Amino acid sequence: MTALDYGTTFAALKGGAGPTWDHYTHHSFVRGLQTGELPRQAFLHYLVQDYVFLIHFSRAWSLGVVKSETLDEMKICAATVDALVNHEMALHIQTCAAEGISEDMLFHAAEEAENLAYTRYVLDAGLQGDFLDLMAALAPCVFGYGEIGTRLGAEHTADTPYGDWIATYASDDYQTVCKTVGQMLDKAVARRLGDTPSTSPRWANLQTRFTKATALEVSFWDMGLRGGETQTA
């Protein structure tokens with residue numbers, strides 16, 4: 001897989017993020033998923049926090065409907081909300097239920113500081129800025145998990161206990177989401193910034209948003225590695 005699969009805008013933003021992108025997609029948490037060496041408690045702690053993250057992430061994508069300028073943008077944002085709420089979160093519910101963590105406990109879990117910082121950063125980008133500001137902040141999660149899923153799907157050890165997680169993000173369904181969002185982002189950028197967006201005065205700010213969100217993904221993995229007991233508010 002290459003970055004081009006997810007569009008030229010993502011490829012440019014990923015390149016502009018420099019080593020921060022590699023720190024995110026090759027984090028030791030990710031390597032632990034691949035090899036199966038990630039402590040189970042750390043994975044469950046991450047899943048609980050990621051469930052809470054996806055609630056706010058879904059709200060941010062809903063804001064994308066408000067910020068859209070075309071029907072196509074509205075449709076893709078709405079479909080992404082559906083994919084997050086009705087499909088991706090199901091993995092978290094199923095896995096945690098097997099460990100005695102109910103959906104109600106997931107919904108009311110106390111947010112870690114890294115979770116709070118990341119989700120509010122994304123929402124703030126959308127509230128302060130326009131559609132492109134929001135997409136730049138949302139993009140690292142969407143495309144990063146797609147890239148990680150593809151790589152781990154090809155390389156993970158057969159006996160890793162995290163095969164279901166890997167399969168979710170390596171799946172054709174998730175890869176289709178990434179490619180669809182990538183195509184939409186390319187069109188949105190061209191519509192607003194023209195055919196050479198990197199020359200626009202706005203590009204540097206979009207790059208900053210993307211890179212910051214990527215760094216917050218790194219912090220989210222760090223938080224996951226801390227493990228700890230599941231807490232409820």
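Reader: What is the relative accessible area of threonine 180?
Author: Threonine 180 counts as partly exposed. Buried means under 20% relative accessible area and exposed means over 50%, with partly exposed in between (1.4 Å probe, protein chains only). The value for threonine 180 that puts it in that middle class is 31%.

Reader: Before we go on, what kind of model is this?
Author: Residues are numbered from 1 along each chain as its sequence is written, and side-chain values use heavy atoms, with hydrogens and water left out. Local features need pLDDT of at least 70, side-chain atom pairs count only at pLDDT 80 or more, and totals for chains, interfaces and linings use all residues; the model is predicted.

Reader: OK, back to threonine 180. How far is its C-alpha atom from that of glycine 7?
Author: Threonine 180 sits in helix 10, residues 172-193. Helices here are DSSP runs (H or I, at least four residues), numbered from the N terminus. Along the chain, threonine 180 and glycine 7 are 173 residues apart, but their C-alpha atoms are separated by 9.1 Å.

Reader: Which residues does isoleucine 76 contact, leaving aside neighbours within four places in sequence?
Author: Isoleucine 76 is in helix 5 and counts as buried, at 11% relative accessibility. Contact means heavy atoms within 4.5 Å. With those sequence neighbours set aside, isoleucine 76 is in contact with Thr180, Val181 and Met184.

Reader: How far apart in space are isoleucine 76 and alanine 125?
Author: In sequence, these two are 49 residues apart. C-alpha to C-alpha, the distance between isoleucine 76 and alanine 125 is 19 Å.

**Helix 4 against helix 5**

Reader: Are helix 4 and helix 5 roughly parallel or roughly antiparallel?
Author: The axes of helix 4 and helix 5 (residues 71-97) come within 9 Å and cross at roughly 160°. Axes are lines fitted to C-alpha atoms, for helices over the stretch in contact, and angles run from 0 to 180 degrees between N-to-C directions. Angles under 35 degrees count as roughly parallel, over 145 as roughly antiparallel, 65 to 115 as roughly perpendicular and the rest as oblique. Helix 4 and helix 5 are therefore roughly antiparallel.

Reader: Which residues does serine 58 contact, sequence neighbours within four places aside?
Author: Serine 58 lies in helix 4, residues 40-67. It is buried, with a relative accessible area of 6%. Its contacts are Val81, Leu84 and Val85.

Reader: Which residues have the most contacts inside the largest nonpolar core?
Author: A nonpolar core is a set of buried Ala, Val, Leu, Ile, Met, Phe, Trp, Tyr and Cys residues joined through side-chain atoms within 4.5 Å. The largest one has 73 residues. Tryptophan 61 has contacts that include Cys77, Met135 and Val181. The two with the most contacts inside that core are Trp61 and Trp165.

Reader: Which residues of helix 9 meet helix 8?
Author: The axes of helix 8 (residues 131-155) and helix 9 (residues 163-170) come within 7 Å and cross at roughly 120°. That makes helix 8 oblique to helix 9. From helix 8, Tyr145, Gly146 and Ile148 are among the residues taking part. On the helix 9 side, they meet Trp165, Ile166, Tyr169 and Ala170.

Reader: How far is the C-alpha atom of alanine 154 from that of serine 62?
Author: Alanine 154 lies in helix 8 and is exposed, with a relative accessible area of 67%. It is 92 residues from serine 62 along the chain, and the C-alpha separation is 33 Å.

Reader: How many charged residues are in the contact of helix 7 with helix 11?
Author: The axes of helix 7 (residues 113-128) and helix 11 (residues 203-226) come within 9 Å and cross at roughly 160°. That makes helix 7 roughly antiparallel to helix 11. Their contact has 8 nonpolar and 3 polar residues, and the charged count is 5.

Reader: Last one: which residues does threonine 20 touch, not counting those up to four places away in sequence?
Author: Threonine 20 is in helix 2, residues 19-25. At 19% relative accessibility, threonine 20 counts as buried. The residues it touches are Thr211, Thr214, Ala215 and Val218.

Note on methods:
Helices (H or I, at least four residues) and strands (E, at least two) are DSSP runs, numbered from the N terminus. Ala, Val, Leu, Ile, Met, Phe, Trp, Tyr, Cys and Pro count as nonpolar, Asp, Glu, Lys and Arg as charged, and the others, Gly among them, as polar.
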